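Hi there,

Here is the structure I promised to pass on. My notes follow below it.

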Amino acid sequence: METSLGSLLKILPPVDFCCVYGSSLHPNNNDKSSMEDYILGVSNPQQWHSENLQMNRDHYASWMVSLGGAKLITNVADHIGVGVHFNPFVSWNDKMYKYGVVQTDDLVQDMLNWERFYLSGRLQKPVRVVVDNKEIENVNLVNLRAASSAALLLLPSKFTERELYAKICSLSYMGDLRMLFAEDKNKVKKIVEGQFDLFRNMYNPLVEEYATKQLLRLSSCGDHQMTISQDCSLSATSSVVSSLPESVRIQMGMGLAERNTDQNSNKITIRSREEAASRMQKVLRRKVMISSARQAVAGFITVGAVHGIKYLGKKMQKAWKSSS
């Protein structure tokens with residue numbers, strides 16, 4: 001299975017970055033009907049789409065190609081969506097694919113700042129990097145550290161390794177409108193259970209780092225995973241909050257506490273862990289809600305009514321199965 005990951009790149013223009021995500025990475029995934037999902041980072045999306053239209057015109061909604069081509073595609077992605085254009089239901093080599101195209105710089109900024117908290121949330125979960133010409137995998141460590149910190153802020157003083165990964169995984173679904181009616185209610189649990197070892201490979205170095213700083217205490221339990229205890233003091237909470245992106249900390253700080261009088265400092269004084277967690281949750285929920293709504297609208301516009309209804313139908317079928 002692994003050797004075929006990334007094979008779609010053979011028929012696409014060159015990219016700066018490519019990762020495969022989703023059910024394709026599940027070791028026990030035997031669903032041949034599921035799409036293989038890609039994120040592609042390119043330096044100039046309009047130019048890339050222009051080249052791709054010459055090579056793969058049928059990947060795009062025909063009305064977009066006729067009315068505005070590459071310029072319209074990128075304008076809808078940037079001004080209606082959150083900077084990424086998805087082509088789903090691409091059939092090639094007896095397999096279905098979905099790929100999202102984003103400007104590489106926008107991808108990096110979202111990982112560092114969580115301004116849109118869309119693709120950054122996707123990259124907090126296991127992915128298989130196939131192409132990386134811009135060291136994005138290294139940049140993503142900042143994103144993973146911030147996700148770990150956000151999860152710790154929302155977890156109790158004692159929790160399991162599995163609960164940590166589930167909390168990290170759930171961050172990018174808080175406020176996602178699709179979770180209300182068009183997603184599997186057990187999605188987070190299934191992702192963590194299906195990719196547990198991949199989560200461990202991603203986050204274990206950061207868990208060890210926090211343990212070295214004495215913010216976490218680790219002990220093993222019977223089922224080959226760790227039990228984790230965390231320091232919930234105000235000083236430890238301040239240390240955890242300091243790893244969150246600056247934009248999140250600024251929005252948390254509005255009304256949370258007095259800003260530090262030192263003008264060169266972006267620190268906020270934490271009054272209570274509960275209040276810090278609550279405010280962070282509100283900030284992330286709002287970001288996810290706005291981004292998921294914008295991307296849903298852009299998705300229906302770009303893929304057309306037939307594909308849009310087909311895609312939503314598959315999602316809703318999963319949601320109904322999980323709630324019954």
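What is the strand order in the open sheet of three strands? The order is β6-β8-β7, and the pairing is antiparallel (strands are DSSP runs of E, at least two residues, helices are runs of H or I, at least four, both numbered from the N terminus; two strands pair if DSSP finds at least two bridges between them). Because β6 (158-160) and β7 (216-220) each have a single partner strand, they stand at the edges, with one side left without a neighbour in the sheet. From one strand to the next, the twist averages 25° (axes are lines fitted to C-alpha atoms, for helices over the stretch in contact, with angles from 0 to 180 degrees between N-to-C directions).

This is a predicted model: local features need pLDDT of at least 70 and side-chain atom pairs pLDDT 80 or more, while totals for chains, interfaces and linings use all residues. Residues are numbered from 1 along each chain as its sequence is written, and side-chain values use heavy atoms, without hydrogens and water.

Five bridges join β7 to β8 (residues 226-230) in the antiparallel sense, and T227 in β8 is the bridge partner of S219. Helix α7 (residues 161-170) touches β6 and β8, its direction making about 85° with that of β6. Helix α10 (residues 196-212) touches β7 and β8, at about 120° to the direction of β7.

Best wishes

Conventions:
Contact = heavy atoms within 4.5 Å.
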